[in-house]
Amino acid sequence: MKINRDKIPLQKGRLAVVTGANNGIGFHTTLGLAKVGYKVIMACRNREKAESAKSKIMQVIPDAELEIQQLNLSDLDSVKDFVNRFSEQYNKLDILVNNAGVMTMSGQKNSKGLELQFATNHLGHFALTSQLINYMPDNKDSRIISLSSIAHKKARIHFGDIECNNDNGFGAAYGQSKLACLMFGDELNRRLKRSGKKIRSIMVHPGVSDTGLFNEMSWIQSFLFKILEPLLTHSNRDAAMPTLHAILANDVKGGDFLGPTGMLELKGKPGVAKRSEYSKDIGVAEKLWDLSEQLSGIKFIL
Ligand SMILES: NC(=O)c1ccc[n+]([C@@H]2O[C@H](COP(=O)([O-])OP(=O)(O)OC[C@H]3O[C@@H](n4cnc5c(N)ncnc54)[C@H](OP(=O)(O)O)[C@@H]3O)[C@@H](O)[C@H]2O)c1
């Protein structure tokens, strides 16, 4: 798997939507795409933060084409509004990066009472993809990227207990949400292939990097994280590389799962990532798809 960014032809005229583009990995994904000429819609919940991120990118690439659009993924009405605004302005989308994510240990829920990480990280992106996919040309350069995590490896989908009340494992609900992102991307790939479509669904994980994701850590966790950071993490720029590979490399196939290939997959050059046996279970993926349709009230038709 190789991309030589100096040799990538300018991607002028191509359009990407990046969710959570204002910070961390989404910021560097947006920067990387702007560098090769993509127009990027920065789909962010906080306009002020998005404006600040946009001006940082414009300082590096003064002719970057960036547009900010408000999107709160934990609220399906906001997803619908975002898609309505998109459809008024555009009739084509080349790349969708389902990047935004939240990690919380405080049992937060969305306005409908659904566990916040499942609602935001998975269900919001499920709803967004189901609607934006209609604007994607049916060719191999149309790609949907789903951000998972190595946290998927110990996780299960707790059908009937999405809150994970009966799983006391540390970060069980976050792990579940990231497993759902991986299994959704995989199931989407299978369904695209079954319906004869060429659009590619690719899953990635970034390894570990110090981003806003860890803002809720206790002081002792933050202290330990800071000590171990040089050993365990890579930069936010490097953490965005699996995503950029999934978008820009020619030899990436639908259903591939990419991530860093260094020690314990925490950091390093992007390549093929390892995944749990559970995450390959087609029966579970289909059940998750049905549950997602039921919870979102959306029939996802390809
Ligand atoms: N960093 C890591 O080590 C790591 C490891 C594995 C996987 N990941 C995954 O990588 C992705 C990017 O995360 P990150 O590490 O870059 O964290 P981050 O710096 O916190 O960025 C997350 C982005 O998601 C946005 N977001 C959160 N809730 C949202 C909502 N309800 N609606 C719309 N946007 C929302 C955030 O917006 P605000 O700025 O407004 O909060 C922010 O822009 C996530 O999917 C995460 O699960 C990260």
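**Loops, helices and a ligand shell**

You are looking at a predicted model, where local features need pLDDT of at least 70 and side-chain atom pairs count only at pLDDT 80 or more, while totals for chains, interfaces and linings use all residues. Residues are numbered from 1 along each chain as its sequence is written.

Is Ile157 buried or exposed? Ile157 counts as buried because it has 22 C-beta neighbours inside 10 Å. The rule is that a residue is buried if 20 or more other C-beta atoms (placed from the backbone) lie within 10 Å of its own, exposed if 12 or fewer, and partly exposed in between. Apart from neighbours within four places in sequence, Ile157 is in contact with Gln176, Leu179, Ala180, Val284 and Leu288; contact means that the C-beta atoms of two residues, placed from the backbone, lie within 7 Å. Gly212 is 55 residues from Ile157 along the chain, and their C-alpha atoms are 25 Å apart.

Now follow the chain to the helices. Helix H5 covers residues 172–194, helix H4 covers residues 116–132, and their axes come within 8 Å and cross at roughly 15°. Axes here are lines fitted to C-alpha atoms, for helices over the stretch in contact, and angles run from 0 to 180 degrees between N-to-C directions. H4 and H5 are therefore roughly parallel to each other; that word covers angles under 35 degrees, with over 145 roughly antiparallel, 65 to 115 roughly perpendicular and the rest oblique. On the H4 side, Gln117, Phe118, Asn121, His122, His125 and Phe126 take part, and they meet Ala173, Tyr174, Gln176, Ser177, Lys178, Ala180, Cys181 and Phe184 of H5. Sorted by type, the residues of the contact of H4 with H5 are seven nonpolar, six polar and one charged. For this sorting, Ala, Val, Leu, Ile, Met, Phe, Trp, Tyr, Cys and Pro count as nonpolar, Asp, Glu, Lys and Arg as charged, and the others, Gly among them, as polar.

A further helix, H9 (residues 282–296), meets both of these partners. The axes of H5 and H9 come within 9 Å, with a crossing angle of roughly 95°, so H5 and H9 are roughly perpendicular to each other. Here Ala180, Met183, Phe184, Asp186 and Glu187 of H5 meet Val284, Ala285, Glu286, Leu288 and Trp289 of H9. The residues of this contact of H5 with H9 are seven nonpolar, no polar and three charged. How do H4 and H9 cross? Their axes come within 10 Å and cross at roughly 80°, so H4 and H9 are roughly perpendicular to each other too. From H4, Leu123, Phe126 and Ala127 meet Ser292, Leu295 and Ser296 of H9. The contact of H4 with H9 divides into four nonpolar, two polar and no charged residues.

Next comes the ligand. Which residues come nearest to the ligand? Of the 31 residues around the ligand, these are Gly20, Gly24, Gly101, Thr211 and Gly212; a residue is near a molecule if its C-beta atom, placed from the backbone, lies within 6 Å of it. H1 gives the largest share of this shell, three residues.

Gly24 is in helix H1 (residues 24–35) and counts as buried because 22 other C-beta atoms lie within 10 Å. Leaving out neighbours within four places in sequence, Gly24 is in contact with Thr211, Gly212, Leu213 and Asn236. Ala239 is 215 residues from Gly24 along the chain, yet their C-alpha atoms are separated by 8.8 Å. Gly101 lies in the loop between strand S4 (95–98) and H4, and Gly101 is buried because 26 other C-beta atoms lie within 10 Å. With neighbours within four places left aside, the contacts of Gly101 are Gly20, Asn121, Leu147 and Leu213.

Finally, look at the backbone. Most residues other than glycine have a negative phi. Cys164, in the loop between strand S5 (143–147) and H5, has a positive phi of about 60°. Leu264, in the loop between strand S7 (257–260) and strand S8 (270–272), also has a positive phi, near 55°. Cys164 counts as buried because it has 22 C-beta neighbours inside 10 Å, whereas Leu264 counts as exposed because it has 12.

Note on methods
Helices (H or I, at least four residues) and strands (E, at least two) are DSSP runs, numbered from the N terminus.
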